[in-house]
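This briefing goes through one protein model by topic.

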Amino acid sequence: MTASRTAVLAIALLGLSACASTGQDQPDGIPADAEQVTRTESNGDRITEYRINGQLRAVQVVPSRGPAYFLYDRDGDGSIDGDRDSVPQTYFKLFDW
């Protein structure tokens, strides 16, 4: 009985390891050669800015608690989209293979 449990556990762990993502998260639409600048805030949040030719294109925020999310410059003006009085649209990465 223990051999079958061990086999089932091994198969389950192999299946989960196949789902694990490797490498660094790269925002959709940002070339791999984009300049990345990462800083860590005093509260533990990690912020990565992606720039192309010095112009801000996307920001990835990895909070110390909670899921990572992305903010984008969709219109190409060099600033994150959203009005001064509103919160910019936030994109969460739900699945990754």
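**Burial and overall make-up**

Of the 97 residues of the protein, 19% count as buried. The model is predicted. Its accessible surface comes to about 7400 Å², and carbon and sulfur atoms account for 54% of that area.

**Secondary structure and contacts**

- The protein contains 1 helix and 5 strands.
- Read from the N terminus, the order of elements is α-β-β-β-β-β.
- Taking contacts between residues at least 6 apart in sequence, 18% join residues at least 24 apart.

- Strand β1 covers residues 35-40 and strand β2 covers residues 46-52.
- The two strands run antiparallel and are joined by 6 bridges.
- Between β1 and β2 lie 5 residues, and the two strands form a hairpin.
- G44 sits in the turn and has a positive phi of about 100°.
- R39 stands opposite I47 in β2.
- In a regular strand, side chains alternate between the two faces of the sheet.

**Nonpolar cores**

- The largest nonpolar core is made of 6 residues: I30, A34, Y50, A58, F70 and Y72.

Key. Residues are numbered from 1 along each chain as its sequence is written. This is a predicted model: local features need pLDDT of at least 70, side-chain atom pairs count only at pLDDT 80 or more; totals for chains, interfaces and linings use all residues. Side-chain values use heavy atoms; hydrogens and water are left out. A nonpolar core is a set of buried Ala, Val, Leu, Ile, Met, Phe, Trp, Tyr and Cys residues joined through side-chain atoms within 4.5 Å. Buried means under 20% relative accessible area, exposed over 50%, partly exposed in between (1.4 Å probe, protein chains only). Two strands pair if DSSP finds at least two bridges between them. Helices (H or I, at least four residues) and strands (E, at least two) are DSSP runs, numbered from the N terminus. Contact means heavy atoms within 4.5 Å. Accessible areas come from the Shrake-Rupley method with a 1.4 Å probe; for residues, only the protein chains shown count as cover.
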